[in-house]
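Hi everyone, thanks for coming. I'd like to walk you through one chain and then its neighbour, and please stop me whenever you like.

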Amino acid sequence: MVEVFFWPALLGYGEAAFAYASARTSRAATWGVRIGWLAQTALLAAQAAGADAFPWSSWAGSLNLFVWFVVGAYLIWGCRPRFRLLGLAVMPLAAALFLVARIGGGTAAGVKSGYGNVFLVLHVGLVLAAFAGFTLAAALAALYLWEERRLKRRAADILRLRLPPLASLEQLTWRTIAVSLPLLTLGLAAGVIRQRERGGSLDALEVVTLGTWLVYGGFLALRPTGRRAAYLALGGFALVIIARLVLAGSHFT
Amino acid sequence: MTLTLVGLSHHVAPVELRERVTLDLEAAAALARSLGDAVCLSTCNRTELYVDGIDEAAVLAALEQLAGESLDGVVYRLHEDAAALHLFRVAAGLDSLVPGEGEILGQVRAAYESVEPGSLVDHVFRQALAVGKRVRTETAIGESPASVSSAAAALAAQVFGDLSGRRVLLIGAGRIGELAASNLASRGADIAFVANRTLETAHELAQRFGGRALTLDDLAPALGEVDVVVSSTSAPGPVLHARDVPGRRRTPLFFIDIAVPRDLDAEIGRLDGCFLYDIDDLEAVVAETLAGRRAEAERAEELVAEEAERFRAWRASLDVVPAITSLRARAEEIRNAELAKLKGRVSDDERRTIESVTSQILNKLLHLPTIRMKEAAVSPDGAAYADAVRHLFGLEDE
């Protein structure tokens, strides 16, 4: 059953990843994102319907959910013609991670899950949603730095290969983090409650995640501007990468 | 009905001639009305008359009267599809001096709305307006600036996004600087200060923009209150140095130096949060965007050709429409006559059923011939098809 949804989703994301390369096909790319995301939503719903508990507890399953959050956040914030290059950064990554999730078995149905506890489900869901937001914020910050560099260097094609204005990129980065940090906070709170129930001590991933929280908390509190803001958003994302890719396995096992 | 265009433009006529035949909107409308079923499109680059059923010589005579001389060899005369294609290209900005400029579409609309043309001219103008809109929506031809002053404003918008409420310091009262300031103001920026060597000149310009006049000695304090600086003085050296620029701002400062020799210290561009563009940078940006416009123009030409083909199909369909209408009327007439014979022989319910069934039979029977005739209309055999239908069904007298 889930196969019916997986391939359209991958096809949609893959089509968007290529179609965003040209302004002429960016409209088709946007439709690819929309259709792919709807298909992935259906896939997740099918997985949830066939599971006895939280179906995305494995690293591959959480990657599947993470991709859905990233593309969802992109659909809300950036799925506009002026943000074509953001799509070009986000969609190939989303398609690749989605494929990795499938190879790891994260898109299959009827997966046995040990995640029956509501706090654990909330913890995983909210933290993943927050990380997805931080991923998008990092992409926006990277675009900011690139655009700022082009403006500084007075690139002749600055109006031909047009990105969103610096102010818009900066504002969107801030807003995305402002939405994501409360999600991370709630997710961490749910995790703490769960850990108290079960017992246990802080592991490396939890320490890095707390560091991530501090960086983004500092970002919102200090509200830096310009390059400093972009570097800080990217610095926070580096911790997200460490948490997701380097330490995730140990935390889940 | 024959669509005819008689006109002249910047491609064929020098400005000395064009200025004699250029009319304001009212005068152009009056000329069109005096000719009959016509629309007169008159801008600084062209004066064109689109007419239906009016003698071409009369149209030319009207233009020659305005010019005060013979226009042989200067005017172009186009008919039917060629005239429509030309108008579509004009509305799309493809025939303009700067490809893709958007002002012309508004001028085409104004010319069309100033008169009440007949069906053919009305159709071609309505389609031209749709073509112009489509080209601007589906291509990026109109997105890039075509002059140094508009490029400066577009670059400022690339930094700040919406320029509403952004404050501008204009240094010098040079023409290009003023144009750049006007462009910024048209995007919502506020020309807060005008600085000049002589305060009197600064006052004059400041009054026009609603800003405050300054001397060149007051520049440094004003920098803390603005987002954009436009400089175009004729000073022999820099009027603003990097050391004058306040440090650690929360918002960027955008400097536009249009003066030669340059007014602004090049070091300013290296300061954190400061962006500096001089005249060479702006010209490079314009050259690049114009190259982009030309690339987009190729796409726009494809769209225009597609629309011209649609016009041709519509025009050709007009030849077969009377035959189709007659055929359907004849069939309906026969059906009604046969239905009349049933009067009193069937119940109301039965009659309604028979009416419905016969109507469906008629529609299904005539559907394919109708489609085929419309398809054939765009081919050279279109008229022959229509004649054949008239002959086969005895419609000649209708």
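Predicted model: local features only at pLDDT ≥ 70, side-chain atom pairs only at ≥ 80, totals over all residues.

Chain B has 398 residues, and 40% of them are buried. If you take the contacts in chain B between residues at least 6 apart in sequence, 68% of them join residues at least 24 apart.

Let's look at one helix, α3 of chain B, which covers residues 56-67. From first C-alpha to last, this 12-residue helix reaches 17 Å, close to the 16 Å expected at 1.5 Å a residue. Which residues of α3(B) are buried? They are Val59(B), Ala62(B) and Leu63(B). These three sit on the same side of α3(B), because they cover an arc of only 95° around the axis.

As for what covers the buried residues, the elements include strands β1 (3-9) and β3 (46-52) and helices α1 (15-21) and α2 (25-35), from chain B. Just after the helix comes Gly68(B), with a positive phi of about 75°.

In chain B, 4 strands form an open sheet with antiparallel pairing, in the order β2-β3-β1-β4. At its edges are β2 (38-42) and β4 (76-79) of chain B, each pairing on one side only. On average, neighbouring strands here are turned by 15° against each other, direction ignored.

Now for β1(B) and β3(B): they run antiparallel and are joined by 7 bridges. In one of these pairs, Leu3(B) has Asp52(B) of β3(B) as its bridge partner. Packing on the sheet is helix α6 of chain B, residues 119-138, which touches β1, β2 and β3 of chain B. The direction of α6(B) makes about 135° with that of β3(B).

Last stop, the neighbour. How many residues does each chain bring to the contact? Chain B gives 21 residues and chain A gives 15 residues. On the chain B side, α7 (148-160), β10 (274-278) and α11 (279-340) each supply at least two residues. By class, that side has 12 nonpolar, 6 polar and 3 charged residues.

That's my tour, and I'm happy to take questions.

How values were computed
Residues numbered from 1 in each chain as written. Chains lettered and ligands numbered in written order. Buried ≥ 20, exposed ≤ 12 C-beta atoms within 10 Å, placed from the backbone. Contact = placed C-beta atoms within 7 Å. Expected span 1.5 Å × (residues − 1). Arc of directions from axis to C-beta. Pairing = 2+ DSSP bridges. Axes fitted to C-alpha atoms, helices over the stretch in contact; angles between N-to-C directions. Nonpolar A, V, L, I, M, F, W, Y, C, P; charged D, E, K, R; others polar.
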